[in-house]
Amino acid sequence: MSLVNEIQAMNPVYNKWYMDDGGIVGDIELLQKVWDLIKSRGPELGLHLNASKCEWSWLNPECKLPCPIRNGNVDADQIKLVPHAEIQMLGVPLGSDHFVSDFVSKKLLGRLSATVDKLVDFEDSQAATYLLRVSYSIVRAVHFMRTVPLSQWVEQAKTFDSMVRKAIEDILGCPMSDLTFAQASLTPKLGGLGLRKTVEHADLAFFASWHESQLTAHETWTPRADQPKSYLPQKQASFNFDTSMHAYLVDQAPNDREAQRLRRSAQPHACGYITATPSSEDGYDTVMKPRIFRVAVLYRLGLAVIPEPIPCPLCEQPINVFGDHATCCAKSGDLIVRHNAIRNLVDNIAAHGMLAPVMEKKGILGPTSGRRPGDVSIPLWSQGKGLAIDVAVTSPLTLSSVRLPEPCEEYAVSQKHKKYDLSFEGTEYRHGVRDLGRDQRGRPGRAPLPLSLCSKAPRPRAQLVLRPRLGPPVLHPAAHGFPVDLDSHRWPRVPRAHARCSSCQRLGTHPHHCCLSHHPIHPHHLHDSPHCHDYRT
Ligand SMILES: [Zn+2]
């Protein structure tokens with residue numbers, strides 16, 4: 001630092017350092033002085049000049065003179081003369097447009113294509129999608145987005161974006177329309193896959209970086225003509241962009257179902273299965289089988305999961321190509337399997353939080369009532385009262401729900417609270433509904449309250465964070481344990497006829513419910529395996 005200050009005292013035009021990497025602009029005489037200073041004083045501070053790694057450039061592009069500073073007499077030890085058009089600092093190309101675009105091409109696109117191809121070859125679609133998002137998509141380009149004006153590398157940015165688009169299409173095994181990819185490009189929070197396009201976000205990143213650098217440098221710079229006056233951090237600017245894009249997509253939606261799908265995909269935590277690290281370190285709760293993951297993502301993006309509409313093999317109601325009915329068929333044991341899995345999870349979390357939960361508590365509405373509105377009852381919740389939590393599995397995409405702004409709250413009010421609340425008067429319980437299957441937002445003063453209250457519970461009580469989601473669909477009519485002739489119904493996911501449970505070696509859709517008690521929210525048994533988390537097809 002003292003050395004940097006001493007250089008500054010000579011009044012150079014520019015004197016900036018990043019660690020041991022410095023750039024100084026000044027006249028020849030000044031630079032010679034700086035060179036001598038660093039050479040004589042550097043070593044005692046641990047800074048040893050390596051002339052062959054230093055660069056000299058003339059700011060006058062026409063000047064072709066050699067570097068005026070000599071370092072001994074050996075040619076290999078001389079300072080490298082870099083032409084004006086090829087100047088770069090800290091990995092940022094500053095030279096001619098041609099040089100800049102070449103530079104970005106080489107650094108950004110160079111080996112990426114081969115790496116991304118390898119990703120596409122992954123058998124594990126979930127891991128491939130995850131890696132694409134966190135390691136090989138826009139994050140690769142952020143350095144250039146923040147340091148090089150997009151106008152200098154717009155072609156490379158377009159190539160990069162189409163590479164990412166092709167990769168996700170190949171991983172999911174389905175081509176996407178521009179509108180579908182526009183959704184995939186949104187942040188997962190807003191219903192996308194987090195594969196933002198560099199051409200859409202590069203300017204936002206550059207302007208944010210411009211403001212931040214100006215602040216860091218304690219200088220005042222002249223802004224570009226197209227630059228927004230006020231400063232927005234990159235994260236906020238990109239989120240604002242995505243929010244407008246999401247609104248545009250909802251606006252463009254061809255029907256109510258599509259608009260509702262887009263809105264519900266953007267509910268808090270609906271992206272959980274996209275952003276969770278697919279790791280089996282703590283069990284298999286975040287790991288999805290490739291075809292299940294693909295179907296779940298197609299469902300989220302509003303793409304067909306079966307080739308043509310078919311009647312439900314269980315109740316004869318039509319299943320559209322998006323598989324909507326399969327998520328809420330009342331005949332299928334799926335609904336019960338999922339209800340129970342979520343009920344068990346709630347119970348599990350409450351038990352870990354020492355809340356002494358009781359599942360399916362009998363006689364909650366008095367000794368005479370046979371009704372059991374509390375899937376999980378917590379005897380002492382708050383203000384001396386207990387809490388009865390009711391789990392309901394619904395779908396926001398059914399004909400009756402598709403236009404409702406809050407389909408699940410609506411369901412909770414009309415189906416649950418209306419039915420049970422009066423009966424709870426005078427009991428030791430408050431009644432809350434968790435509409436966990438599809439989506440849910442506990443609003444104070446309105447319908448369901450319970451789990452949102454949990455966050456207020458003092459530790460070590462449970463913090464239940466189950467939230468609304470347009471989650472993976474269940475397209476498995478055999479999930480309740482009796483065999484269905486899947487092949488004849490053209491379900492998109494058909495287990496092999498002689499699949500064996502790797503835990504107990506029993507064939508196919510065996511009836512034991514081990515995982516329901518041990519691994520209550522396991523995605524495999526929720527969405528694929530009938531009963532066992534080790535079930536392999
Ligand atoms: Zn059905």
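This is a predicted model: local features need pLDDT of at least 70, side-chain atom pairs count only at pLDDT 80 or more; totals for chains, interfaces and linings use all residues.
The crossing of helix 9 and helix 10 is right-handed. From helix 9, the contact draws on Glu200, His201, Leu204, Ala205 and Ala208. Helix 10 meets them with Gln234, Ala237, Ser238 and Phe241. By class, five residues of this contact are nonpolar, three are polar and one is charged.

Helix 7, residues 154-172, packs with helix 5, residues 125-136. The angle between helix 5 and helix 7 is about 165 degrees, and their axes are 10 Å apart. An angle over 145 degrees counts as roughly antiparallel, so helix 5 and helix 7 are roughly antiparallel to each other. Their crossing is left-handed. Helix 5 contributes Ser125, Ala128, Thr129 and Leu132 to the contact. Helix 7 contributes Ala167, Ile168, Ile171 and Leu172. Six of the residues in the contact of helix 5 with helix 7 are nonpolar and two are polar. No charged residues take part.

Helix 7 also packs with helix 4, residues 112-120. The axes of helix 4 and helix 7 come within 9 Å. They cross at roughly 15 degrees. Angles under 35 degrees count as roughly parallel, so helix 4 and helix 7 are roughly parallel to each other. The crossing of helix 4 and helix 7 is right-handed. On the helix 4 side, the contact involves Leu112, Ser113, Val116, Leu119 and Val120. On the helix 7 side, Met163, Ala167, Asp170 and Ile171 take part. Seven residues of the contact of helix 4 with helix 7 are nonpolar, one is polar and one is charged.

Strand 1, residues 14-18, and strand 2, residues 21-25, run antiparallel. Five bridges join the two strands. Tyr14 has Val25 of strand 2 as its bridge partner. Trp17 is bridged to Gly22 in strand 2.

The average pLDDT is 76. A score of at least 70 is reached by 74% of the residues. Over residues 433-502, pLDDT stays under 50. For this stretch, the model has 196 contacts beyond four places in sequence. Residues 507-537 also have a pLDDT below 50. Beyond near neighbours in sequence, residues 507-537 have 79 contacts in the model.

Notes:
Residues are numbered from 1 along each chain as its sequence is written. Axes are lines fitted to C-alpha atoms, for helices over the stretch in contact, and angles run from 0 to 180 degrees between N-to-C directions. Helices (H or I, at least four residues) and strands (E, at least two) are DSSP runs, numbered from the N terminus. Angles under 35 degrees count as roughly parallel, over 145 as roughly antiparallel, 65 to 115 as roughly perpendicular and the rest as oblique. A crossing is left-handed if the near helix is turned anticlockwise from the far one by less than a right angle, and right-handed if clockwise. Two residues are in contact if their C-beta atoms, placed from the backbone, lie within 7 Å. Ala, Val, Leu, Ile, Met, Phe, Trp, Tyr, Cys and Pro count as nonpolar, Asp, Glu, Lys and Arg as charged, and the others, Gly among them, as polar. Two strands pair if DSSP finds at least two bridges between them. pLDDT is the predictor's confidence in each residue, from 0 to 100.
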